[in-house]
Structures are given as C-alpha cells and as structure tokens.
Amino acid sequence: MTTATQSKARTIRFKIKRSDGPGKPSYWQTFNVPVNKGEGANVISCLQYIAANPITADGTATTPVAWKAGCLEEVCGACTMVINGKVRQSCSCMMDTVAPNEGDTITLEPMRKFPVVRDLFVDRARLFESLKRVKAWVPTDNLWDLGAGPIETPEQHEVRYKLSECMSCGCCMDACPQFHKIEDDAKWQNAFIGAAPISQVRYFNLHETGATLKTERLNEMAAKGGISDCGNAQNCVKHCPKSIPLTESIAAVGRDTTIHAVKQFFTGK
Amino acid sequence: MPSVNKNARVIVVGGGLAGLAACVRLAEQGVNVDCFSIVPVKRSHSVCAQGGINATNEIARQQGYSEWVHMDETLIGGDFLADQPPVYEMTHWAPKIIDLLDRMGVPFNRTAEGQRDLRLFGGSLFKRTHFSGATTGQQLLYALDEQVRRSEAEGKVTKYESWEFLWPITKGEGADKKCVGIVAQDLRTMQIRAFPAEAVIMATGGCGLVFGKSTNSVMCTGGAAARCYKAGAHYANGEMIQVHPTAIPGADKCRLMSESARGEGGRVWVPAKIGDTRDPREIPEGERYYLLEERYPKYGNLVPRDIATREIFSVCVDDNMGVDGKNQVYLDLSFKDRKELDLKLGGILEIYEKFAGEDPHEVPMKIFPAVHYSMGGLWTTFTPQQRPADPVQDLNCGFDTVTGMKFGAHNTMMTNINGLYAFGEVNFAYHGATRLGANALLSCIFDGLFSGQGVANFVKEAAEPVADIHQSVYDEAVQQEHFKTQKLIDTAEAGHSDPATNPYQIALEMGEEMTAACTVVKTGPRMEKAMSKLNELQGRYENVRLADGGMWTNQNLSFTRALGDMLTLGEAILQGSINREESRGSHYRPDFLERDDERFHQTTIAEFNPTTGKPDLSYKDVIGGMVKLRPRDYGRTESEPKAEPKEATAKV
C-alpha cells in the first residue's frame with residue numbers, strides 16, 4: 001500500500017483544560033501532536049497520542065489526559081466535550097477539517113453543565129435521572145409472548161424514529177442558558193430538566209402503550225423545573241448532533257401540558 | 001420441592017443487549033440484580049449494531065421460509081461449527097422476541113399499511129430482517145435500557161456504572177468449583193471491593209481491541225472474558241473472528257458500514273481496468289467489475305461476510321485492483337433514490353459523510369474489511385430437550401423429533417464453573433465459524449430472555465446462599481486484586497513514553513501483528529511468527545510502566561491491566577488458529593484449503609495453564625443430529641473481470 005501522505009505531517013497544538021478531581025482547581029496544558037493529512041485523524045486519535053506521549057509542549061512530563069469514549073461513531077454520546085468553545089462529540093471532530101494547517105490550535109474543555117470527574121471526563125448521571133423523572137419507558141405488562149405491539153403508520157414512525165435517535169449526550173443541556181450545573185444530586189429534582197428529556201416525553205406519549213403514562217409525564221412537565229423553565233433560546237436544537245427537532249418537541253409538549261392543566265382545572269383529574 | 005431462596009442475587013457484568021435483557025428477565029422473576037458496566041449502560045457497544053435483527057415473519061413464511069430454514073441458514077453460515085440445539089431454540093424464539101421488542105416501543109420501520117418492514121440480509125434469499133433505520137442496535141438497546149431504568153426506579157435492579165469487573169470469586173476446585181461473586185473497581189474513586197452473588201452472568205461482548213483497530217468500541221478489549229479464562233473458565237473457538245467486509249478505515253478505529261447498505265441494493269465494484277483513476281461517476285457500467293455479483297450470481301452482494309471479505313481482500317491484495325491502487329473498493333448506493341435511502345439508511349450514510357467527508361448519495365463509498373465480531377468466546381453448556389417437530393415452524397424438515405434447549409434449565413449458558421454464565425457475544429454458542437448478519441442482536445437478546453430464566457431458577461432453587469459463604473473467601477479475592485493493582489501503580493513515572501515499555505505502544509504492535517497474521521488469511525508459518533511476537537510483547541509487558549500513579553480516575557491503569565489480558569487472549573486465539581489445520585467459515589488457511597470434518601468438526605477448547613501461562617487445547621465433538629453436513633459454496637462461479645480495452649486512461 002502506498003503511503004504518499006507520510007511526508008505531509010503537521011503539528012497541531014492541543015490546549016487542554018485539566019483538573020485532577022472534583023473540587024480541585026483547573027489548569028491548562030498544551031501538547032503538540034503530529035498529524036498526517038488524509039489519514040482520518042480526529043480528536044480521539046490525538047488524545048490517544050497524548051496518552052502514549054504524556055509530555056507537554058514545553059517538555060514537562062505529566063499524566064495522560066482523562067476522557068470518556070465509546071463507539072467513536074457518534075452514536076453512543078460518551079466522548080462529548082467542548083471543542084474550540086462548542087459542545088460536540090470529539091470522535092467526529094476531524095483534524096483535516098478543523099485544523100488543516102501547521103500550528104493550528106485546538107482547545108478542549110470538559111462539558112460546562114456537569115460535574116467534572118477528572119480532566120475532560122464529566123458525570124452525566126443527572127441526565128439519566130431525568131429520564132426516570134419523566135418515566136421514559138413503555139409500561140409493558142411482562143415479557144411473555146403476547147403478540148405484536150400496536151400498528152404504526154410510516155409517518156408516525158418517521159417522527160418517533162427521529163426522536164429515538166437521542167443518545168443522551170447532553171449537548172442540548174450544555175448549550176442551554178436555563179440549564180445550570182448542579183453538583184448536589186438532591187437538588188436535581190426541582191431544577192430545569194433540559195431539552196432531551198422533554199423530547200422523550202413527546203416520544204413516549206406518541207406511542208399507544210407509552211401514552212398510558214401521559215398524565216404522569218405531563219404532571220412532571222407542569223411542575224417546577226419542567227417545561228415552563230424553558231427560555232426559548234433555541235440553543236438546544238442548534239447544538240444537537242443528531243438534528244433532533246428539539247424545539248418542535250418543546251412546543252408540542254408545551255401545548256399538551258397546557259391542555260392537560262386546563263383539563264385538570266375543570267375536571268380535577 | 002427444594003426450598004426457595006427468596007433473597008437470591010445475581011450479578012450481571014455488562015449492560016449491552018445481552019446484559020440488559022438478562023436484567024429485565026431476572027427482575028421480572030423476582031431476583032435481585034446488580035448490573036456492572038464500565039460505561040453508562042446506554043453507551044454500550046450494542047449501539048453500534050446497524051442493520052437489523054433476523055426472525056421468521058408471515059410474509060417470508062408464505063414464500064417458504066420458516067424457523068427451521070432460519071436455523072439451517074445459521075448453521076451453514078457458521079460452516080456447521082455451532083452445536084445445533086442452541087441454534088434451533090434461538091431461531092424458534094426469534095419471532096416472539098421481535099413481538100416483545102415491538103411491544104416495548106422499538107420504532108421498527110413500517111410499510112404503508114403500518115406493518116413492520118423487512119429487508120434482505122446476507123446468507124438468505126428471503127427478507128427476514130427487521131430494522132429500525134440503520135441504527136437498529138441503538139434502538140433495541142434503548143428499549144431495553146428504558147425497561148431496566150423502570151426496574152431500577154422500582155428498586156429491582158441496582159446499576160454500578162463506571163465500575164470495572166476485575167475477577168470472578170470462586171470457591172472449590174475442579175468440578176466443584178463455583179462462582180460466588182465478583183471483585184470490581186470503581187473507575188472514578190479506584191475503590192476495589194467484593195460483591196457477593198448466587199450467580200454471575202458475563203455479558204461483556206467481544207474482543208476487537210486485540211486486533212488494534214476494529215469496528216468495536218474502545219471498551220471491547222475482551223479483558224473480562226480473559227479474566228474468567230485465567231480463573232479457569234474454558235474459552236471455545238477463539239480462532240473464529242469475523243472480519244466485516246465493509247468498514248471505513250480511520251486513524252482511531254474502523255467504522256462499520258452496515259451490511260444493510262447491500263441489503264438495500266448497494267453494489268460492490270472496482271474499476272475493471274487496473275490503474276483507472278477516473279472519477280467513479282465517469283466510469284461506465286461496462287468498465288466496472290461487480291466482483292460479488294459476477295462470482296456469486298445467486299446471492300450476489302449478500303454472500304456471508306467471510307466470503308465477501310475474502311473476495312474484496314483478494315481483489316485488492318492479490319489482483320491489485322483496489323480503487324486508486326489502495327486497499328479499498330467501492331460500495332455504491334449513489335444510483336438509489338435519495339428519500340428512500342434516508343428513510344432506511346439515513347444513520348449510516350450520515351456517519352460516512354461525517355467521517356469520510358463525501359456524500360454517499362452522490363458518490364460511491366470507499367470501504368475495506370475490518371475485524372468486527374468474535375464467534376468464539378467462553379464455553380457454555382445447556383440441557384437438550386427433544387420434542388415433536390412443529391408442523392409450521394419445522395415444515396418439511398424431514399424429522400419427527402427435533403432437539404432444542406430446555407427452557408429454565410439451571411445450566412443454560414453456564415460455563416464450566418458452576419454459577420458463572422456467559423451471554424451474548426462473549427459466549428461461543430450460536431454462530432459457529434461465521435455469524436450471519438443480523439443474528440447478533442438476536443443471540444444477545446435471546447440469551448438474556450431465554451437463558452436468563454435458567455439463572456433465575458438456579459439461584460432460587462439450587463445455588464448455595466451467599467450468606468453461608470465465609471467472608472474470608474471474599475477478603476482474599478479483594479487482597480489479590482489490591483496486590484495486582486499496586487504492582488502496576490508502583491511502576492508509574494510521569495511522562496513515561498519509552499516505546500519498549502509503554503502500554504500504548506505494546507498494544508499498537510499487538511494489534512498490527514494480530515491483524516496481519518490472524519484475520520482474513522492465516523498460514524502456519526506466519527502465525528508462528530506472530531506467536532513469537534506475542535511472546536516478545538509479553539516479555540515487555542512484564543516491565544510495562546504507567547505514566548500515572550494516582551488513585552483517582554486512573555485510566556492508564558485500567559488500560560494497562562486490560563492490555564495484559566488482551567495478550568493472554570490473543571495467544572489463545574492464535575494457538576487455536578495454528579492448531580486448526582483446515583479452512584472453515586471465517587478461518588481461512590491457504591495451507592489447508594479444505595474443510596476437514598474428519599479431524600475438525602469439533603469445538604476448540606482452550607484452558608489456561610497457570611503453570612506455563614499458556615493455553616492447553618483440547619477438542620469436543622460438535623453436537624449435531626438435525627441438519628447434515630454439506631458443502632458451503634453459495635453457488636460460486638469462476639469469473640474474471642472483463643478488462644475491456646477501452647480508453648480507460650488515467651486522468652492525472
């Protein structure tokens with residue numbers, strides 16, 4: 001196999017915001033990483049290089065940078081971080097696109113709205129807790145053989161499928177001005193829940209069996225930290241890597257919540 | 001009636017499809033479940049599965065398909081290396097599993113009438129693959145993740161996410177050896193502790209990282225399986241590694257390009273003339289060589305994966321016909337309708353565009369084979385059950401009696417260690433020497449739901465309650481792991497990057513060597529050379545040095561520990577490959593070209609020898625009894641590219 005690209009190595013400078021653990025101060029370190037054009041280098045392959053060569057640009061010996069990764073195909077959500085100021089997955093951040101020239105600088109920071117565990121590794125447990133808050137599941141009776149689920153039109157499938165592509169990466173929360181970092185898990189329950197779980201409310205309410213929990217979900221949406229905390233900044237939809245129509249979901253769930261509240265007012269149910 | 005243990009607890013290691021399906025089954029059966037996962041379970045490697053999940057359906061049935069045919073396809077796909085009763089049971093449960101997933105709300109693609117849509121997949125002439133766009137694994141995982149979250153909210157399942165399994169705790173020796181819990185480490189605080197349980201299910205997936213760059217996620221090291229193997233669990237058919245024909249090579253991994261691309265009509269081709277560097281859109285039909293369609297007129301682009309892989313490999317490496325003189329061929333969907341492509345394949349086309357920078361709606365994709373799946377894994381057993389053949393499901397099978405697995409039997413998918421089970425990709429049970437596309441999701445969920453029932457019965461009815469087990473058993477296991485950890489931590493030196501003892505460098509060399517010697521084409525001498533290389537790497541690993549000696553979120557430690565396990569597993573895979581002197585399914589030996597049923601219609605069993613640190617191999621007969629052995633050629637015909645003498649001159 002020919003490797004005519006070998007001679008085209010360039011150096012990319014990685015400025016990385018590090019922290020040794022919760023409550024520890026953050027500090028910056030810079031690393032030089034050699035990259036060849038046309039070989040598919042991304043932030044992950046550069047972080048792998050740094051792990052194998054943990055020496056800063058000024059020659060200081062240090063520890064490998066901690067970060068989370070999984071599929072590297074932008075379907076698991078694990079490797080989300082803030083790159084050059086924008087929250088996104090690091091696996092799909094390709095060097096030939098974002099840093100094509102010798103000496104280009106890439107800045108890496110941990111997500112801003114979740115507690116830092118170490119370096120670029122954050123704890124997104126709150127996100128998964130919020131899925132419990134809205135009962136994001138279809139309440140099946142059991143696992144026995146009871147035949148197929150409800151029939152669904154292709155149109156409805158198309159809407160649901162798009163919503164179901166949400167990989168709980170948290171980009172929508174990180175970019176949202178109404179969503180704040182909360183370290184104390186006791187305070188999550190009443191804080192703004194964020195766009196992704198609201199979209200999941202829509203997703204499960206659209207399913208025939210899923211809709212049996214609609215009232216409970218809308219009660220949660222009407223409560224403190226629910227839909228009314230949305231400030232309509234629309235950052236969520238701009239930052240969603242899967243182009244999920246989050247603002248449409250927020251609008252739809254907002255309407256349902258209002259109708260639900262009016263009905264409750266008149267019927268008491 | 002034996003007394004029932006109402007406080008029984010099961011540990012599930014791994015939160016992919018197999019692990020989560022086991023969790024829901026056990027929770028429903030009233031068993032306490034602790035689920036351990038290195039990553040949040042919703043980020044497990046199952047999300048990478050794209051194409052679909054196979055099951056007999058009414059449309060295919062009316063055209064002559066059946067559960068029996070699905071079994072037959074799976075067995076010949078696996079070149080008859082799988083025991084037949086587990087494959088019988090899995091294929092017969094498949095339609096029920098699809099229905100259940102449908103009830104859980106999986107957004108399966110729909111026909112105009114609202115029925116579940118179907119697509120064609122490799123190794124079959126019938127449409128029997130159910131799918132959810134091209135992210136089926138993600139959608140199925142999410143459905144099970146949601147059900148487990150519900151069980152968690154109800155207090156039936158406890159998750160330990162960001163915890164790494166270190167060792168199975170066992171008691172007794174030989175046939176009396178039993179698993180009574182695990183040692184695990186919190187990857188944030190680095191705390192090491194013991195977790196007792198009446199049974200442990202390993203659902204830890206494959207070992208792609210042994211080969212360096214593969215289609216697998218970063219946690220698919222095979223480390224957990226290797227630890228069980230070192231603790232005495234047998235490892236079966238390790239040599240059976242699937243190389244997927246179509247992947248996008250990258251710097252950090254090889255990204256999967258789903259078989260569904262071909263299932264939806266995608267065509268594999270290369271320019272018929274060597275050195276033709278024209279834009280692919282400018283190469284007319286007559287000057288393209290559709291290698292799979294020409295060589296396999298019946299199955300075309302949908303021959304099983306090992307076959308497609310060898311043909312693509314050979315057209316590039318032997319015939320030097322790769323696109324632009326490189327190891328790559330075209331996978332072409334550009335002639336298809338854009339809207340239909342987006343509905344059925346949107347997810348993977350988007351991935352290609354993001355990572356390769358070209359729009360596959362417009363230009364053919366460039367792909368090459370990459371390591372994808374391990375058919376081999378921890379050896380497991382089952383209880384056969386004879387029953388009358390079903391007039392519908394087993395139509396025209398030619399038998400009055402068939403053999404499946406007994407539902408709820410205690411030993412279903414149990415390893416040779418009592419109480420230690422293996423579900424999903426980490427076992428060896430269903431796919432023989434090649435797995436058919438869209439059978440992996442099935443085997444994972446089937447194990448969780450079907451085999452999970454056996455575990456529930458075992459812990460309630462037969463397992464020794466952990467309350468009766470002496471605390472010293474657990475304390476000693478924790479001490480042992482503390483010792484191993486400390487030994488690695490003590491090597492730490494900040495900034496360490498000497499290639500000889502750098503864990504990442506050793507891993508890189510291991511991956512390159514294993515890929516070169518032990519994947520698509522394997523020969524005895526080349527593999528012997530690879531064995532020497534592994535031994536050299538093991539020597540260097542003895543002196544491996546960390547660059548991080550801290551006890552907070554030390555990923556350097558976790559990686560280096562897994563590297564040691566990968567070297568051990570790599571040796572078992574390599575030894576199994578060297579000793580299997582035949583070609584069967586994914587295991588292709590030019591020095592032994594024929595399938596040799598006389599000598600090798602047998603399961604390879606690798607047993608770790610603690611004295612030598614090497615695998616001891618033995619062989620067990622494959623359990624057949626239903627489908628008879630027959631040649632596996634998928635109607636190959638001789639075909640050479642029509643190198644037409646047109647003016648296919650290179651544009652420079």
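What follows is read from a predicted model, in which local features need pLDDT of at least 70, side-chain atom pairs count only at pLDDT 80 or more, and totals for chains, interfaces and linings use all residues. As for labels, residues are numbered from 1 along each chain as its sequence is written, while chains are lettered from A and ligands numbered from 1 in the order in which they are written.

Where they meet, 13 residues of domain 1 are in contact with 16 residues of domain 2; contact here is a matter of C-beta atoms, placed from the backbone, lying within 7 Å. On the domain 1 side, strand β4 (residues 86-89) of chain A gives the largest share, 3 residues. Helices (H or I, at least four residues) and strands (E, at least two) are DSSP runs, numbered from the N terminus. Sorted by class, this side of domain 1 holds 6 nonpolar, 3 polar and 4 charged residues. In that sorting, Ala, Val, Leu, Ile, Met, Phe, Trp, Tyr, Cys and Pro count as nonpolar, Asp, Glu, Lys and Arg as charged, and the others, Gly among them, as polar.

Strand β4(A) also turns up in an open sheet of 5 strands, ordered β2-β1-β5-β3-β4 in chain A, with mixed pairing. Two strands pair if DSSP finds at least two bridges between them. At the edges sit β2 (26-35) and β4 of chain A, each of which pairs on one side only. On average, neighbouring strands of this sheet are turned by 30° against each other, direction ignored. Between β3(A) and β4(A) the pairing is antiparallel and runs over 4 bridges; A:Val82, for instance, has A:Val87 in β4(A) as its bridge partner. Helix α1(A) packs on the sheet and touches β1 (10-19), β2 and β3 of chain A, its direction making about 100° with that of β2(A). Angles like this one run from 0 to 180 degrees between N-to-C directions, and axes are lines fitted to C-alpha atoms, for helices over the stretch in contact.

Further along chain A comes helix α6 (residues 195-205), which is largely enclosed by the rest of the structure, because 10 of its 11 residues are buried. Buried means that 20 or more other C-beta atoms lie within 10 Å of a residue's own, exposed means 12 or fewer, and partly exposed is in between, with C-beta atoms placed from the backbone. Among the buried residues of α6(A) are A:Pro197, A:Arg202, A:Tyr203 and A:Phe204. The buried residues of this helix pack against α3, α4, α5 (171-174), α7 (214-222), α8 and α9 of chain A.

Most residues other than glycine have a negative phi. A:Glu74, though, has a positive phi, near 60°, and lies in the loop between α1 and β3 (80-83) of chain A. A:Ser243 also has a positive phi, near 50°, and belongs to the loop between α8 (235-239) and α9 (246-267) of chain A. A:Glu74 is buried, with 24 other C-beta atoms within 10 Å, whereas A:Ser243 is exposed, with 11.

Chain A meets chain B through 62 residues that are in contact with 63 residues of chain B. On the chain A side, α1 (43-52), β6 (116-118), α3 (125-133) and α4 (154-164) each supply at least two residues. That side divides into 29 nonpolar, 23 polar and 10 charged residues.

Chain B has an open sheet of 5 strands too, in the order β6-β2-β1-β10-β21 and with parallel pairing. Its edges are β6 (157-161) and β21 (420-422) of chain B, each with a single partner strand, so one side of each is left without a neighbour in the sheet. The twist averages 20° from one strand to the next. Strands β1 (residues 9-13) and β2 (residues 32-37) of chain B pair in the parallel sense over 5 bridges, and B:Val13 stands opposite B:Phe36 in β2(B). Helix α11 (residues 440-461) of chain B lies across β1, β10 (199-202) and β21 of chain B, at about 165° to β10(B).

Notes
Two residues are in contact if their C-beta atoms, placed from the backbone, lie within 7 Å.
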